[in-house]
Amino acid sequence: MKIVILSRNPKLYSTKRLVEAAEKRGHEVLVVDHLKCIIEIEKKKPKIFYDGAYLLDVDAIIPRIGASVTFYGSTVVRQFEMMKTFTAVGSEALIKSRDKLRSLQVLSRAGVGLPRTVFTNYTKDVNHVIQSVGGTPLVLKLLEGTQGLGVVLAETPNAATSVIEAFNGLKARVIAQEFIKESKGADIRAFVVDGRVIGAMKRQALKGEFRSNLHRGGSATIIELTDEEENTAIKAAKAMGLGIAGVDMLQSASGPLVLEVNSSPGLEGIEIATKKDIAKQIIRFIERNVD
């Protein structure tokens, strides 16, 4: 097969591992910077021009689209779809996953466990927002934030009010979310490929920090998921329409609660923690779906 990996940096761990895994299984691989693709739209002749030539006879693509370039990246993915190329992550699922509020609404409708969440149009009734998520402490998240950026823990009503009012004054869209104390600064990342959990890790925040993102210095260890956690991860990925997904969950007294479903989950943390060849599983997923 001829596989294109849409990635802006061929030196990234995830990109390199996917190239290695694909080549090891005998496939031709090309790393393409999606921001440098020229999209040509014509009746029944969709084309993509890149680096002096048209991208032809591509069997499958693996999108590795950063959150900051979702609009153009998803447009490139959609163009490949128009060209009848199999994509490991569909354009609509990619767009949906990047909209935190829409994602939570989709997951809620699917019956997936979630922390209590409130979103408003810059309301002045801040006290109602605080009470609706169970009081303080509570978590406030910028809708556009990634990798733990734009996430604030407000420990008192005064702190919550001040932060919400500050964000409102900046016209910054935020959601308020229930703080799950029993998670103790840890979350679970379940890596789902083609409807199966193929690896899972527990991420623990640094002491004094409640965000467990590895980009913020958190540590990762392998974990054996409960049946409920595994089923929740699979259900969440299916609800979002994602063939590849990193499902982030909290362990709570009421069962697993989904925080986010990531459409371009990194491979480094999960492969190191689990000692599993996740990249190979992604390539095999593509093989099963391309004639």
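Predicted model: local features only at pLDDT ≥ 70, side-chain atom pairs only at ≥ 80, totals over all residues.
The C-alpha atom of R109 is separated by 8.8 Å from that of A239, although the two residues are 130 positions apart along the chain.

## Domain layout

The chain is divided into domain 1 (2–89), domain 2 (117–179) and domain 3 (183–263). Between the C-alpha centres of domain 1 and domain 3 there is a separation of 27 Å.

## Salt bridges around R17

The structure holds 10 salt bridges, and two of those described here involve the side chain of R17. In one of them, R17 meets E20 at 3.1 Å, N to O; both residues belong to helix α1 (residues 13–24) and stand 3 residues apart, about one turn of the helix. R17 is buried, with a relative accessible area of 15%, whereas E20 is partly exposed at 42% relative accessibility.

The side chain of R17 also forms a salt bridge with D277, at 2.7 Å, N to O. Because D277 lies in the loop between α8 (268–274) and α9 while R17 lies in helix α1, this pair ties together parts that are 260 residues apart in sequence. D277 counts as partly exposed, at 31% relative accessibility.

The side chains of R25 and E287 meet in a salt bridge of 2.8 Å, N to O. This pair links distant parts of the chain, with R25 in the loop between α1 and β2 (28–32) and E287 in helix α9, 262 residues apart. Both partners are partly exposed, R25 with a relative accessible area of 35% and E287 with one of 24%. Elsewhere, salt bridges with shared partners join R17, E20, E271 and D277 into one network.

## A positive surface patch

On the surface, K24, R196, K280 and R284 gather in a patch of positive charge. One of these residues, K280, lies in helix α9, which spans residues 278–289, and K280 is partly exposed, with a relative accessible area of 33%.

Notes: Residues numbered from 1 in each chain as written. Heavy atoms only, no water. Domains from an automatic or database assignment. Patch = residues over 30% accessible without salt bridge, like charges linked within 9 Å, V, L, I, M, F, W, Y side chains within 5 Å. Areas by Shrake-Rupley, 256 points an atom, 1.4 Å probe, with all protein chains shown as cover. Salt bridge = Lys/Arg side-chain N within 4 Å of Asp/Glu carboxyl O. Lys, Arg positive; Asp, Glu negative; His and termini not counted. Charge placed at Lys NZ, Arg CZ, Asp CG, Glu CD. Helix = DSSP H or I, 4+ residues; strand = E, 2+ residues; numbered from the N terminus. Buried < 20%, exposed > 50% of the residue type's maximum accessible area, 1.4 Å probe, protein only.
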